[in-house]
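Work through the two exercises below with the sequence and the structure side by side, and try each task before reading its solution.

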Amino acid sequence: MSLSGILWGLQVVISMFFGQYKYNLDAKGRVVIPQEFRKQMGANCVVSAGLEECVTIYTYEGWQKYVDSSVSDLDDFDEKSRELKRLLFSCAFPKEIDFQGRVTLDKSLIDYANITKDVVILGTINCIEIWAAEKYSELFANRSSQAIALGNLIAERKRNSNGK
């Protein structure tokens, strides 16, 4: 959803993707982007491989921020850094969302994410993730225990960063 507010007399709009939706991939490799996400996405986006065998979709601005904050300063002399860059950028495609709200996923991304037909589309604040429904169910079957463990990890990191 799009959140807006006033900051020192300036209108500030913050794009945030959140929620979970279930859709199907059609025979041409197209999937409908939920209307709530399309409102923020506009007509153009960047579609890429996600880090956990999913497909990610960014606004152009969101993609640039992701690259600038996470990837651009990786060491080209480090083998793992080069592998990550290859994964992310060789499978990144500029795309248009068609008049029916669909985006076409390239076969390489469909294969990478093991998508056959049923997909789960998630908002993860700064991007959209598309998961094969079966893979998503497997990974997040124990969601409540995962949330507790991750919450404890974040709390520990905050305590350590605050010197407590």
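The model used here is a predicted one.

**Exercise 1.** Find the residue that stands opposite T56, and then describe the sheet around this pair.

*Solution.* Begin with T56, which stands opposite E129 in strand 10. The two strands concerned are strand 6 (residues 55-58) and strand 10 (residues 128-132), which pair in the antiparallel sense over 3 bridges. Next, widen the view to the open sheet of 6 strands, whose order is 3-9-10-6-5-7 with antiparallel pairing. At its edges lie strand 3 (17-24) and strand 7 (93-96), each of which pairs on one side only. From one strand to the next, the twist averages 25 degrees.

**Exercise 2.** Determine which residues of helix 3 are buried and what they pack against.

*Solution.* First, locate helix 3 at residues 79-90; its 12 residues reach 16 Å from the first C-alpha to the last, close to the 16 Å expected at 1.5 Å a residue. Then apply the cut-off for burial, which is under 20% relative accessible area; the buried residues of helix 3 are S81, K85 and L88. Viewed down the axis of helix 3, these buried residues fall within an arc of 75 degrees, so they line one face of the helix. That buried set packs against strand 5 and helix 2. The face of helix 3 turned away from the buried side, by contrast, carries the exposed residues K80, R86 and S90.

Key. Residues are numbered from 1 along each chain as its sequence is written. This is a predicted model: local features need pLDDT of at least 70, side-chain atom pairs count only at pLDDT 80 or more; totals for chains, interfaces and linings use all residues. Side-chain values use heavy atoms; hydrogens and water are left out. Two strands pair if DSSP finds at least two bridges between them. Helices (H or I, at least four residues) and strands (E, at least two) are DSSP runs, numbered from the N terminus. Axes are lines fitted to C-alpha atoms, for helices over the stretch in contact, and angles run from 0 to 180 degrees between N-to-C directions. The expected span of a helix is 1.5 Å times one less than its number of residues. Buried means under 20% relative accessible area, exposed over 50%, partly exposed in between (1.4 Å probe, protein chains only). The arc is that of the directions from the helix axis to the C-beta atoms. Contact means heavy atoms within 4.5 Å.
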